[in-house]
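This report describes a single protein model by residue and by element. Please examine the structure below before reading on.

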Amino acid sequence: MEKSCSLLIHFDKGNPAMANEIKESLEGNDVERKIDALKKAIMLLLNGDTLPQLFITIVRYVLPSEDHTIQKLLLLYLEIVEKTDSKGKVLPEMILICQNLRNNLQHPNEYIRGVTLRFLSRLNESELIEPLVPSVLANLEHRHPYIRRNAILAVMAIYKLPQGEQLLVDAPEMIEKALATEQDLSAKRNAFLMLFNCAQERAIGYLIQNLDAVPKWGDLLQMVVLELIRKVCRSNPAEKGKYIKIIISLLNSSSTAVMYECAATLVSLSSAPTAIRAAGNTYCQLLLSQSDNNVKLIVLDRLQELKVSHREVMVDMIMDVLRALSSPNLDIRRKTLDIALELITPRNIDEVVMTLKKEVVKTQSGESEKDGEYRQMLVQAIHSCAVKFPEVASTVVHLLMEFLGDSNVASAMDVVLFVREIIETNPKLRVSIIARLLDTFYQIRASRVCSCALWIIGEYCLSLSEVENGISTINQCLGELPFYTVAEDAEGLATIKSQPANAITVSSRRPAILADGTYATQSAASEIAVATHAMIPGSAAATGNLRSILLTGDFFLGAVIACTLTKLILRLEEVQPSGVAVNKAAAEALLIMVSTLRLGQSSVLPHPIDDDSYDRISLCIRILTCPDNFFKKVWLQSCRESFMNMLADKQIRETEESKAKAQVLHAQPDDLIDFRLLKSRKGMSQLELEDQVEDDLKRATGEFVKDGGSMNKLNRILQLTGFSDPVYAEAYVTVHQYDIVLDVTVINRTKDTLQNLCLELATMGDLKLVERPQNYTLAPESSKEIKANIKVSSTETGVIFGNIVYETTSVLDRNVVVLNDIHIDIMDYISPATCPDVAFRNMWAEFEWENKVAVNTTIQDEKEFLTHIVNSTNMKCLAPPSAMDGDCGFLAANLYAKSVFGEDALVNVSVEKQPDSKLSGYIRIRSKTQGIALSLGDKITLKQKG
């Protein structure tokens, strides 16, 4: 809307009313018809119609009405009707309404007086207001508070007008007197607000005189006081010491809104540890006392900001923050854990881990359906704690190992990954972890968890008893051999032929993306826990978990079993002096491997063994039948070394990321530094001293210095018209989280005055113009700044296009200058982010939108091409630099980014160097929404050539 309005009325545009019909209804005596006609007239006015013939009718037939609804609609009509001519002078007929307004201001009914005063606060014509000033001032002393509070607002609005100080010379003094005697909270708040806006010194004086009474004032007045304090302290920082005391006194207010504003004001004004601690305690108090989840999330955001800038103060509040875990909402729990994990120190690690252990135990009750997801979050948090402080690992690892058989596969997977890392980084726990793992191995029901657990058994069973127990555990979980009989093979073949629709759906195969970015064929059975109904006929009696999973067609697990048995047999050769026992164990292992291959080639299962698994098991058979010292070294030493290198590389990357996040501050050589030891401390409180110390430190470290980034601003200026056009226009585009602001500079390059110049904009994509810019008159060779706001609703490339339309005195027709299109780049909305490999693969399998882009580039080096794609797409490469070492002519990597709307963008780059040195391959983009997939694909297609 081009004109402001304080009331919105529903209007059916399908049947626009005619002016004659409205006029007839207004002239009649039916009140309901008059109300309906007034509403229609108001809506027509808002839609651009002028309706000049209605004004006299309304003055004659509507002004005298005593009906409250009619009077309210009348004031709304008077607010939006055009009251001035083209030269800005008040229309003569407007004088007719002054007497009616004066009568309303003296009306015996309080409601009529109040709404009229509210109308006057939105009136901008001084000629109409001047005769009404005495009546407005008389209402300041009315007995009813509703009238007094609206009279004060009317006085403030009149005083703010260009000629307001002449109309109300002593308004601040009158309001100050009214404030001293006023008892109504809302009226008192309005009076203080008037002084705050129009006579700030008087407002400060009143505040200083009533310092002790501020905590007893109502929340409405306290909020205005806080706003005044913020304004004063920004303009005069030296005075903020005495005001901070007021803020701290208001932290104990009974109003939660005041408490929140106090804490926010305190943080913005002071860096003193006492002030920050008080604000943090207030946030923690709100976090626990408020039941609304949105409020909790907002408070957690504030605590997150505090943690970034004042971590040393927030460390003491970590246990208060963790109390928010009592909320059942997963978003609140996740954000709470994120904050707490960055506040861990050697002093509080034991308390934090104890709290997390209690929360893990609570999830065993199964009362909530989201317990599994919450347990996964807790396991990841404990994992992070144990990595930072290895000494706590011994207190949690055995508790977590109870969840290896969890029905929530993601949670169980996190546990086994935690165990894998702890057993490597804490050698003292190796024996106890292996013993516990072998005891609980039979409980594991998920293929992926079994695979990781088997790898741990194969790598860390070192003594004779451990190796023998490991082999025995695997044999027990596999059950008796063979996996099927000839009769079952024939029966299974007949079943498959006769009932193809009843094939086991859980064993269907599909492409999966691995941690290194490559594709592999993976059974869907690896994603879920095994159910008994998924087993083939004759296997129901087999209770072994490995047997159950293997009989669903998961031959990847079969390959892992073969590798684990191979490692255990090779190690048994080193620790077992008896060659007979070694040969016996090797023969049993070979029988298991051969049985697995036979199962894969039989018709018992709906699909045969995949080539990768077949080759892997065959390799294991070859190593056991033809021992070789080189292979033995590779299997028993090199695997462990690779894992150690992976952990070391992960630690280095995390250290580098934490250093990058740290704020680098600089101070100029000639910056002024105050020496606090030379300052006078007379009359200063401890808080004021702390605040001055913190300010000095910030000034010394350059925290007050802000980089203007003028070069970046120049890069964001877009030329909209040509230099030869009569109107030159350029735009500075500012992209915020949910909106785009266009600052358009329009220059009249002609010798004529341009009238009714209007910037007409339209959008394409998920962009929406918030409001239409108004018309302007531009003098010869003058310029005008025009702002336009555009709302963004999703991460998608959008286009803004439009025209500049204007009229000149010499030409009757309207002139149009077509503007250059403004393309909103998706890069403004996505930022690099990190994501665990497991989460990336889960999202890759879940997201349905995929965009496949063929590689077409002049770049001939794979790593250079990957770096170019990463820089062009503003994404983060999840593959560690060590994985990119070497030159094999092939490269696969995963990229990840997150949008400001919380959307995930996944990219997989797979390229290969051809004999002619050209690169070929594909770049796959996946996301939950179509917009990101298409926009990123377009961006990559545009930028990939180099």
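## Ser 783 and its surroundings

Leaving aside neighbours within four places in sequence, Ser 783 is in contact with Val 746, Ile 747 and Leu 778, where contact means heavy atoms within 4.5 Å. Ser 783 belongs to strand S9 (residues 783-792). Its C-alpha atom is separated by 9.5 Å from that of Val 727, 56 residues apart along the chain.

## Basis of the model

The model is predicted: local features need pLDDT of at least 70 and side-chain atom pairs count only at pLDDT 80 or more, whereas totals for chains, interfaces and linings use all residues. Residues are numbered from 1 along each chain as its sequence is written, and side-chain values use heavy atoms, with hydrogens and water left out.

## Overall composition

The secondary structure comprises 39 helices and 18 strands; helices (H or I, at least four residues) and strands (E, at least two) are DSSP runs, numbered from the N terminus. Of the 946 residues, 48% count as buried. Buried denotes under 20% relative accessible area, exposed over 50%, and partly exposed the range in between (1.4 Å probe, protein chains only).

Among contacts between residues at least 6 apart in sequence, 67% join residues at least 24 apart. The protein exposes about 47200 Å², and carbon and sulfur atoms supply 51% of that area. Accessible areas come from the Shrake-Rupley method with a 1.4 Å probe; for residues, only the protein chains shown count as cover.

## Aromatic pairs

Rings of Phe, Tyr and Trp (its six-membered ring) pair if their centres lie within 6.5 Å; planes under 30 degrees apart count as stacked, over 60 as edge-to-face and the rest as tilted. By this rule the protein has 9 aromatic pairs. One of them is the tilted pair of Phe 192 and Tyr 206, at 6.1 Å centre to centre and 55° between the planes. Phe 192 lies in helix H12 (residues 185-198) and Tyr 206 in helix H13 (residues 200-209), so this pair ties together parts that are 14 residues apart in sequence. Phe 192 is buried at 0% relative accessibility, and Tyr 206 is buried at 8%.

The rings of Phe 723 and Tyr 728 have centres 5.4 Å apart and planes at 10°, so that pair is stacked. Here Phe 723 is exposed, at 57% relative accessibility, whereas Tyr 728 is buried, at 11%. Phe 192 and Tyr 206 also form one aromatic cluster with Trp 217.

## Charges over rings

A charge sits over a ring if NZ of Lys or CZ of Arg is within 6 Å of the ring centre and within 35 degrees of the ring normal. The charged end of Lys 231 is placed over the ring of Phe 196, 5.0 Å from its centre. Arg 333 lies over the face of Tyr 374, at 3.7 Å from the ring centre.

Helix H18 (residues 293-309) has 17 residues and spans 25 Å from its first C-alpha to its last, close to the 24 Å expected. The expected span is 1.5 Å times one less than the number of residues. Its buried residues are Lys 296, Val 299, Leu 300, Leu 303, Leu 306 and Lys 307. Seen down the axis of H18, these fall within an arc of 115°, so they line one face of the helix; the arc is that of the directions from the helix axis to the C-beta atoms. An α-helix has 3.6 residues a turn, so residues three or four places apart point the same way.

The buried residues of H18 pack against helices H16 (256-269), H17 (273-289), H19 (311-314), H20 (318-322) and H21 (330-341). The face turned away from the buried side of H18 carries the exposed residues Asn 294 and Val 308. In helix H26 (residues 430-440), the buried residues include Arg 430, Ile 433, Ile 434 and Leu 437. Their cover includes helices H24 (393-400), H25 (409-425), H27 (447-460) and H28 (464-478).

## Loops and backbone geometry

Thr 857 is found in the loop between strand S14 (849-854) and helix H38 (862-873), and is buried at 12% relative accessibility. The C-alpha atoms of Thr 857 and Lys 945 are separated by 3.9 Å, although 88 residues apart along the chain.

A cis peptide bond, with omega about 0°, joins Leu 481 and Pro 482. Pro 482 is in the loop between H28 and helix H29 (486-498). Asn 756, in strand S6 (residues 754-764), has a positive phi near 50°.
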